[in-house]
There are 2 protein chains.
Amino acid sequence: MPVHLQAPDPTALQPVAGVELGIAMAGVRKAGRRDLCVMTLAEGSTVAGVFTRNRFCAAPVQVCREHLAAAPGVRALVVNTGNANAGTGADGLARARATCSALASRLGLAPEQVLPFSTGVIMETLPVDRIEAGLPAAIADLAADHWGAAAEAIMTTDTVAKAASRTIEIDGRAVHVTGIAKGAGMIRPNMATMLGFVATDAAIAPALLQPLLAEAADRSFNRITVDGDTSTNDSFMLAATHRAGHAPITSLDSAAGRRLKDALIEVAQQLAQAIVRDGEGATKFITVQVDGGANEHECRQVAYAIAHSPLVKTAFFASDPNLGRILAAVGYAGIDDLDQGLIDLYLDDVHVAERGGRRPSYREEDGQRVMKQSEITVRVDLHRGAASTTVWTCDFSYDYVKINADYRS
Amino acid sequence: MPVHLQAPDPTALQPVAGVELGIAMAGVRKAGRRDLCVMTLAEGSTVAGVFTRNRFCAAPVQVCREHLAAAPGVRALVVNTGNANAGTGADGLARARATCSALASRLGLAPEQVLPFSTGVIMETLPVDRIEAGLPAAIADLAADHWGAAAEAIMTTDTVAKAASRTIEIDGRAVHVTGIAKGAGMIRPNMATMLGFVATDAAIAPALLQPLLAEAADRSFNRITVDGDTSTNDSFMLAATHRAGHAPITSLDSAAGRRLKDALIEVAQQLAQAIVRDGEGATKFITVQVDGGANEHECRQVAYAIAHSPLVKTAFFASDPNLGRILAAVGYAGIDDLDQGLIDLYLDDVHVAERGGRRPSYREEDGQRVMKQSEITVRVDLHRGAASTTVWTCDFSYDYVKINADYRS
């Protein structure tokens, strides 16, 4: 049961001028499932990407990096579910390239103008023949208003499709930012978005696209964690078609640049939080806020130690204010000179621990009240400095085990 | 259901000359439970300890460190279950000291000659009055052959008591090494033994005791992990009573020194592995061996990434040879210049992945056969150098969630 997450209203997903999406059933792993998605970009579009930091990155991630580095001019993306094409060695690389070539030849492009994405089971051979056979149907399906269908087609263990859209105005022109994403396990910091695709028709200097994307990722997908596993395939892409008709943005600090950045961050945060809300087995959405750090790095260490602790996550599942588990996680987060005697802990508005110990006025029923909610904010104040950070995660339930024990069955 | 673990045969636990153990029911958390254990050491004994590296260490750990640093001459240990006296601030420290004083006055010792240990729920006030009231019964129960009862008294979520014993011969004299330990969750590298107490009647130069203990810990308790959580209270203690009557050991590299070290490592490994075999919800015992590292540090990084991955652990629980999850964990272990194209992966005798990809001759039914076993060795060869390491862990089941969600109920 996802936590406060509803399927997107397809009519609320604004088309992005110059972007079309087409879906097909290729039978990659199972027949009768929409498992293939093609996205085309109008000529002149620019694309930026951030990818998993897993050294065992999948073949499509390697091919994406090559193609993005080769030359500008990406014009199509192809996404399959059911098979991650990871841990597949040289053969996997060849199959990712073959997928690009097949789509390129049908669209009249060079293979380097196509980016491939795969998600699903690791270490099995990608059935390129089935993907190739599915391409004509996906191409025939291409339409500007298929964002909702595309969000559904890229789902794996997701229970709800994830899409978000914002419209802003620049120079009196409507500018759209629309994106889709899929989770829902193997999610962890350091660029662990699973797959996320956002497009905008904003006109923006090509050199600004990568820093814009990096900042959005840092404020969204890089702050979520479900189980601490960093996937081999995580990719977050931003395409700009420059079709909105306003004067090109040449600085992210200009009024127009800030407006676009804010809209992109909103879309990315909504998608990232949707991944956590639909985390495998999630019953609660937890915001972990760490204040008073000497620097942001140590705030993140503490936030992730809390967000990854199976003991903390099972306590949230049980609505058990066993808050010492949170203090224990703070203690092993890796801050060598941490003074436990300074630490404050809050659960929403309830001040639980003070100077490293249980607060005398803290009453268990107050902790219990907050723990029973489906949305909870844990706040730790380290009292070491002025830095802070926020991370979003979910609890850890029977169903997480069930989903991951049964995934391939 | 613990994995191939039986309760120790009390008659196989050799008494250690100069050591007595007494048990009582103090009602620390629940009435009618053996939750208090006192261990006394004959005059002239020496004691060494290694403790949690959690910066949020519990009050008893802080007091242990103070008392060990204050002076030689520790003569008694007192252990309670039901309450960890952690996250309890200055009041917790005062209560740990009060426990020592109470036992010291009854035994005619100085408070600094007593070491306190607590395990159980975090962030609740230690009921010192109940512990004090239980001390007379524990003292009256003191006997040299109560190792088995002591192993039972220190259990919390353990399902089986953990004890081990070895007898060696030095200078024609029988020398005993006997120990007990408790787990079973919140177990992680970097000195995360929960509680472990080993005693020997060997005569050994006092300066050798700490290095001997450190090496044994590094070969045993520091190589196990259940859930990646480092407890606030972990302590592993070694006491030597020097009563065996042989010429004192003055070098760990002498024949007698090596014999004692080997026996201690055997006892410590048996205890450490017993903790994993009885890991919360464990159904399988997994040995993770990493070979071919450039150094031991990176081997450990890889071994723990595998051993901590919830996705890997749930796949073991499901007997699902979803081995790509292991390769993914290798990839995010943190080796920046890892070449995934060199990696081999084995499940027992089955060669699964070669040069980073699925081995052409690998058949799923072979992986399935190994995965169905209750004892499995995962071996990764990084092909980067000559270093290697081994870590022991367990799988991740529904019952882990159940136990930790219900722990305080």
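Into which domains is chain A divided? Select residues 10-277 for domain 1 and 285-406 for domain 2 of chain A; these bounds come from an automatic or database domain assignment. The centres of the two domains, taken over C-alpha atoms, are 33 Å apart.

Before moving on, a word on the model: it is predicted, local features need pLDDT of at least 70, side-chain atom pairs count only at pLDDT 80 or more, and totals for chains, interfaces and linings use all residues. Residues are numbered from 1 along each chain as its sequence is written, while chains are lettered from A and ligands numbered from 1 in the order in which they are written.

Now show chain A as a cartoon. You will find 11 helices and 16 strands, which are DSSP runs (helices: H or I, at least four residues; strands: E, at least two) numbered from the N terminus. The C-alpha trace of chain A spans about 70 × 55 × 40 Å along its principal axes.

Next, go to chain B and pick out the open sheet of seven strands, ordered E9-E16-E11-E15-E12-E13-E14 with mixed pairing; two strands pair if DSSP finds at least two bridges between them. Strands E9 (224-225) and E14 (357-358) of chain B each have a single partner strand, so one side of each is left without a neighbour in the sheet.

Zoom in on E12 (residues 344-347) and E15 (residues 375-381) of chain B: they run antiparallel, joined by four bridges. Select Asp344(B) to see one end of a bridge; its partner in E15(B) is Asp381(B).
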